[in-house]
Amino acid sequence: MTCKEKGTPRFPEAEPADYSRVTTPNAHLLLPVSLSPEAATPYSEAATRIAAAQTVILTTHLNPDGDGIGAGLALQLALTRMGKQVRFLCPSKIAPGYAYLPEFSSIRVMTEAAQAAAEPRADVIISCDAGDRERIGAVWGVARGTFINLDHHSTNTNFGDLNVVDLSAESTGVAVSRLLTCLDQPIDRLIAECLYTTIVFDTGRFMHSNTTAHTFRWTAALLDTGIDASAINRKLTYTRTVKDLAIQKLGLEHLRVDDQEPRLAGIVLTAADIAAVGEPEDWGDLVEIPRSLRGNEVAYLLREKRNADGTVVVRASMRSNPPYRIGDVALAFGGGGHQQAAGATIPGDLATVLPDLLRRLRATLSL
Ligand SMILES: [Mn+2]
C-alpha cells in the first residue's frame, strides 16, 4: 500500500443535525506534501500490515496523557469502522478527566504480566506515543504478530517490528492522521475530537516550541469536521479537584530558584512532603509553576518516591525553552522525551540525585 503523495483523505458527508458548521474537505493538509518518501515509507508499511489484520490491539504509555489516549482512541474509531476487532489496553490507570473522549469506557487497564499472558493474540499491536518498550508496562507481554511503534519522540528506541517514529509530528495524533491517510480513512467528527485532544495536549495549548504553521492548518482541518474546540479545551483544562489545588499549593511552597543560575527554577518534593497531602491521581502541569517565572529558561519538578520494596527513586519532569535542551539530561539519567520536554525516573533519594541533576541542568544553560 502506498501513501498518495498528494493524498486527499476523505471527509465524510456533513454530520447531521447537531452541528451547523459545514464540513470542508480540505483534509489534504493532514498529510502535507512535504512528507519525504523516506518519512512516508514506514507509514505505508504500517498501513499494509494494518489493512491485512483482523485483530488489533492498541496501547499507550504508563501514566497516559492526552496524546497517547487521544491517538489510540482515534485509531480505535477508524479501525473499528474498517471492520477490525480492536482492543485498547492501557498499562496504567487513566486520569478520569479524559472520560469525555469517544469510546473512552472501552479502554481496559492492564497492569499485570499474568493479564497480558492471558490476553488473546492479536495480528497487530500499535503502541501510541511510547518512546521505549518499558513505557508500555505489562502490555509488552501480549501475544501478537507485528508490533507497530507509532510515536514522535526523538529518543524513541525503535523497539517495534515496524517503527513509525515521525519527529515532524507535533503529536502522535498527527502521526495517526498520516497513517489514516495511507489507509484511505476519512477523519470524522469523533476521530477529530480525539485528534484535537492530542494537539492541544502536546503543544501545551499551542504554546510549546513544536507549534508551527502546519499545526494550525492541521488543527483547522479538524475544526472543519464540526468539533466544539472550546468545549474540548474546557474539558481538558478545567479538571482540577480540591486535592489537585492542594498539590499546586504544595508546589508553590517548594518552589526554588537556583542560587547559581537564575534562569533555572524548580519544585522539589520529598517523599514526606508528598505523604503529607497524599499522592494525587495526576501530577498534571506542576512543572509549569517554575516555568511561568519571568526569565525562566529551564524548569524541573522532582518527586521523591519510596517504593513498596523500600527502594527510593526520584521522578524528574523537565522543560526548557529553545535553544536550551534538557532531553539529553533525561537520557543521561535513563529517561527520555523531547529536547524541550522530557522526564526520567532516577534511582536514589533526593540527597543523592539532586546535586548531580542540578549541575547538569545548569550546564544546559551555558551554550
Ligand atoms: Mn506525544
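**The sheet and its setting**

Tutor: In this predicted model, Lys305 stands opposite Val313 in β10. Strand β9, residues 298-306, and strand β10, residues 312-320, run antiparallel and are joined by nine bridges.

These two strands belong to an open sheet of six strands. The order across the sheet is β7-β8-β9-β10-β12-β11, and the pairing is mixed. At the edges lie β7 (255-257) and β11 (336-337), each of which pairs on one side only. Helix α12, residues 350-364, packs on the sheet. There α12 touches β8 (264-269), β9, β10 and β12 (341-347), and its direction makes about 165° with that of β9.

Two helix pairs complete this account. Two packed helices are described by the angle between their axes and the distance between the axes. For helix α5 (residues 189-202) and helix α6 (residues 213-223), the axes come within 9 Å and cross at roughly 155°. An angle over 145 degrees counts as roughly antiparallel, and α5 and α6 are therefore roughly antiparallel to each other. Their crossing is left-handed. On the α5 side, the contact is made by Ala192, Leu195, Tyr196 and Ile199, and on the α6 side by Thr215, Thr219 and Leu222.

The second pair consists of helix α2 (residues 66-81) and helix α4 (residues 172-182), with axes that come within 8 Å and cross at roughly 20°. Since an angle under 35 degrees counts as roughly parallel, α2 and α4 are therefore roughly parallel to each other. The crossing of α2 and α4 is right-handed. Helix α2 contributes Asp67, Gly68, Gly70, Ala71, Ala74, Leu75 and Ala78 to the contact, while α4 contributes Thr172, Gly173, Val176 and Leu180.

The secondary structure of the protein chain comes to twelve helices and twelve strands. The C-alpha atoms fill a box of roughly 60 × 45 × 40 Å along the principal axes. A compact globule of 367 residues would have a radius of gyration near 21 Å, and the chain agrees with this because its own value is 21 Å. Of the 367 residues, 44% count as buried. Among contacts between residues at least 6 apart in sequence, 65% join residues at least 24 apart.

Terms used:
Residues are numbered from 1 along each chain as its sequence is written. This is a predicted model: local features need pLDDT of at least 70, side-chain atom pairs count only at pLDDT 80 or more; totals for chains, interfaces and linings use all residues. Helices (H or I, at least four residues) and strands (E, at least two) are DSSP runs, numbered from the N terminus. The radius of gyration is taken over C-alpha atoms; the globule rule is 2.2 Å times the number of residues to the power 0.38. A residue is buried if 20 or more other C-beta atoms lie within 10 Å of its own, exposed if 12 or fewer, and partly exposed in between; C-beta atoms are placed from the backbone. Two residues are in contact if their C-beta atoms, placed from the backbone, lie within 7 Å. Two strands pair if DSSP finds at least two bridges between them. Axes are lines fitted to C-alpha atoms, for helices over the stretch in contact, and angles run from 0 to 180 degrees between N-to-C directions. Angles under 35 degrees count as roughly parallel, over 145 as roughly antiparallel, 65 to 115 as roughly perpendicular and the rest as oblique. A crossing is left-handed if the near helix is turned anticlockwise from the far one by less than a right angle, and right-handed if clockwise.
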